[in-house]
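Q: I'm new to this one. Could you pick a single spot and walk me through it slowly?

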Amino acid sequence: LSFNIDHAIEKKESEYSGSVPSKYDYRSTDLSSQLTLENLTLTAGAQLFDGERKAFGSTTNKDNQGVYLQGIYALGDTTFSAGTRREKVKYKQKDVSRLKADHSLDAWDIGINHQYNQELSVFANLNQGFQAPDIDRFFTGSAFNSFIKPAKSKTLNIGLNHVTERNKLKVTGFYSKLE
């Protein structure tokens, strides 16, 4: 059993040619715990992020709160994995347009990997994912872009790995649906 806490504070200022300087204040905390038994590994955690960008006489905030759980189970030469993540993202733009948006996002993954021998393994996984834009994506030049929404995807991967001392062959076929 292990437990991990990471906390970071990042303050920075950036200025591009012909642009107004931007000031950033990012604060993040990651909490995770892992339990390893004979054939099973469980990982659970929470991630918190509070980011702020000041530029063009306004302040834009992004606040994330995510929780996740992942399990990996080995049964002989076959490994099964499953995981899920739930995240709430809040955006707020003050002083100019006063826009705000809240998103509840879900991600998950299920997979299987079979090791035929030391050189050859095959795998497949199906997942749903998302990517919430960072604060900078809300700006195009000096204008605030209020139309950005989190990207969402569903993907199926099927592949094989053939690794020897002299060569590595890794092939993956995939289908992905992206919003």
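A: Let's start with a side-chain pair: Q47 and R85 are joined by a polar contact of 2.8 Å (a pair of N or O atoms within 3.5 Å; within protein, one must be able to donate a hydrogen and the other to accept it, and residues adjacent in sequence count only if both atoms are side-chain atoms). Before going on, a word on the source: this is a predicted model, where local features need pLDDT of at least 70, side-chain atom pairs count only at pLDDT 80 or more, and totals for chains, interfaces and linings use all residues. Residues are numbered from 1 along each chain as its sequence is written, and side-chain values use heavy atoms, with hydrogens and water left out.

Back to Q47, which sits in strand β3, residues 40-55 (strands are DSSP runs of E, at least two residues, numbered from the N terminus). Q47 counts as partly exposed because its relative accessibility is 26%, and partly exposed means between the buried limit, under 20%, and the exposed one, over 50%, with a 1.4 Å probe and protein chains only.

Who else is around? Leaving aside neighbours within four places in sequence, Q47 is in contact with T29, D30, N64, Q65, G66, Y68 and R85 (contact means heavy atoms within 4.5 Å). As for N4, it is 43 residues from Q47 in sequence and 12 Å away in space, C-alpha to C-alpha.

Strand β3 belongs to an open sheet of nine strands with antiparallel pairing, in the order β1-β2-β3-β4-β5-β6-β7-β10-β11 (two strands pair if DSSP finds at least two bridges between them). The edge strands, β1 (2-14) and β11 (168-178), each pair on one side only.

Notes:
Helices (H or I, at least four residues) and strands (E, at least two) are DSSP runs, numbered from the N terminus.
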